[in-house]
Amino acid sequence: MAVAELSESTAHGWRRLPVALRVAIVYLLARVVTTAFFALAAQLSTAASRYGERPSVGSLLMGWDAQWYWYIAVHGYPTTLPLDETGQVTQNQWAFMPVFPYLARLLGGTGTGWQVAAIVISLVAGYLACLVLHALLRRRIGRTAAMWAVLFFANAPLAAMFQVAYAESLFLLLLFAALWAVDRRHYGWLYPLVPLMAFTRPGVLAFALLLGAHAIVRWRRREHEPLRIGQIVHIVLNGLLGAAAGLSWPLIAGAVTGQPDAYFATESSWRRGWLPDDDGSFVPFRAFWDAAGFWFSQWGLGETVGHVALIVLVIAIAALLLFGPRVRRVGTDLRLWSASYLLYLFAVFFPQSSVFRLLLPLSPLWGAAAVPRSRGWRVGVVLACLLGQWWWIYNMYALGNTYWQIP
């Protein structure tokens with residue numbers, strides 16, 4: 001009896017804490033766990049790893065694409081694209097957007113201060129993203145479930161992104177704020193958020209698609225929710241702004257380098273690591289189709305099986321977003337965003353080692369995972385998240401290899 005009373009008292013005291021403090025506690029505890037995972041990965045790293053034997057945790061936090069962001073902060077973007085011995089464009093800075101590296105430079109300079117600033121930006125943006133996610137979900141699934149969704153998000157398999165010098169945390173904060181603005185019909189707030197998203201990380205074209213779908217839904221429901229002329233203007237203008245901002249980076253890259261296909265040629269340089277004979281041209285949906293055939297062939301199952309599996313996957317995801325009862329609980333706008341973003345990925349992305357990281361913008365769907373009230377289910381999801389997080393950190397950092405150096 002005393003134990004039950006103590007448990008109830010603790011739960012009541014927890015609920016009385018301000019939401020910002022509860023989210024902060026959840027987030028900070030999650031970061032302690034992630035730091036422990038990084039420390040363990042550093043100890044398990046061998047000479048075969050890109051980081052060498054037993055690197056510092058700081059070295060891990062500044063690895064992989066963080067190096068590219070730092071290089072942009074120091075050297076900017078090339079006016080002449082680097083080429084290999086066959087004349088093909090090689091990997092370079094144009095694949096990465098400027099807001100994150102230059103913001104870190106503004107706050108910390110270009111040396112060690114940049115590294116500290118970049119990691120602090122990720123940490124702070126991650127916490128604020130958790131706050132906005134809670135606000136985004138609580139009207140749909142309730143405060144308790146929304147807090148569980150934040151717990152899942154803070155400990156997710158890719159939660160390492162909250163602590164490394166990547167643009168993901170900042171993009172998620174901007175995205176969640178934009179989704180909140182759409183959900184609350186504060187369309188005027190989108191004017192600064194949309195271009196900031198566009199130059200932080202690719203994906204704003206999916207948001208423009210969301211606004212188009214949102215406009216159709218609002219029009220069809222106008223008898224139940226009045227749609228004012230001013231709202232129509234804001235939705236249309238922000239959709240056009242998103243489309244223009246999303247298409248502007250390839251144009252900027254082409255203008256600066258004098259090579260019209262500079263951006264797409266740069267992006268295809270990563271794809272050639274898997275498809276050496278790729279011609280570098282961009283055709284919507286081709287990359288996913290080619291990847292399905294490639295990976296299933298690598299696994300010994302053949303291209304045909306890969307293509308069939310891709311079609312089945314697309315149908316299954318569409319059915320889940322349209323008819324899944326838990327997913328429907330998060331609301332129409334978040335489902336439309338998920339569908340828009342997945343369509344965007346199918347159109348432009350070649351699935352490889354970054355595929356899990358590129359799924360992070362689907363994080364509002366953690367709300368669907370938090371809907372079941374079973375404590376066993378929710379604890380099981382947290383444990384699965386932590387297991388997935390360790391698997392990812394171990395494979396990407398303790399076992400990661402072929403560390404690149406820029407002269």
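This is a predicted model: local features need pLDDT of at least 70, side-chain atom pairs count only at pLDDT 80 or more; totals for chains, interfaces and linings use all residues.
Local features are taken at pLDDT of at least 70 and side-chain atom pairs at pLDDT 80 or more, while totals for chains, interfaces and linings use all residues. Residues are numbered from 1 along each chain as its sequence is written, and side-chain values use heavy atoms, without hydrogens and water.

**Overall fold**

The chain has 19 helices and zero strands; these are DSSP runs, H or I of at least four residues for helices and E of at least two for strands, numbered from the N terminus. Of its 407 residues, 50% are buried (under 20% relative accessible area; exposed is over 50% and partly exposed in between, with a 1.4 Å probe and protein chains only). Contacts are heavy atoms within 4.5 Å; of those between residues at least 6 apart in sequence, 70% join residues at least 24 apart.

Beyond four places in sequence, tyrosine 397 touches residues including Phe38, Trp64, Met161 and Trp392.

**Salt bridges**

The structure holds nine salt bridges, each a side-chain nitrogen of Lys or Arg within 4 Å of a carboxyl oxygen of Asp or Glu. Three of them are listed here.

| Pair | Closest N and O atoms |
|---|---|
| Arginine 140, aspartate 183 | 2.5 Å |
| Arginine 184, aspartate 183 | 2.5 Å |
| Aspartate 333, arginine 185 | 3.1 Å |

Aspartate 333 lies in helix H16 and arginine 185 in the loop between H8 and helix H9 (190-198), so this pair ties together parts 148 residues apart in sequence. Aspartate 333 is buried at 10% relative accessible area, whereas arginine 185 is partly exposed at 22%. Arginine 140 is partly exposed at 32%, and aspartate 183 is buried at 8%. Separately, Asp65, Glu168, Arg201 and Arg357 are linked in a salt-bridge network.

**Two sites**

Serine 338 is in helix H16 (residues 332-348) and counts as buried at 1% relative accessibility. A polar atom of the serine 338 side chain lies 2.9 Å from the backbone oxygen of leucine 334. Serine 338 also touches Leu321, Leu362 and Leu365, residues up to four places away in sequence being left out.

Valine 233 is in helix H11 (residues 229-257) and counts as partly exposed at 40% relative accessibility.

Key
A polar contact is a pair of N or O atoms within 3.5 Å; within protein, one must be able to donate a hydrogen and the other to accept it, and residues adjacent in sequence count only if both atoms are side-chain atoms.
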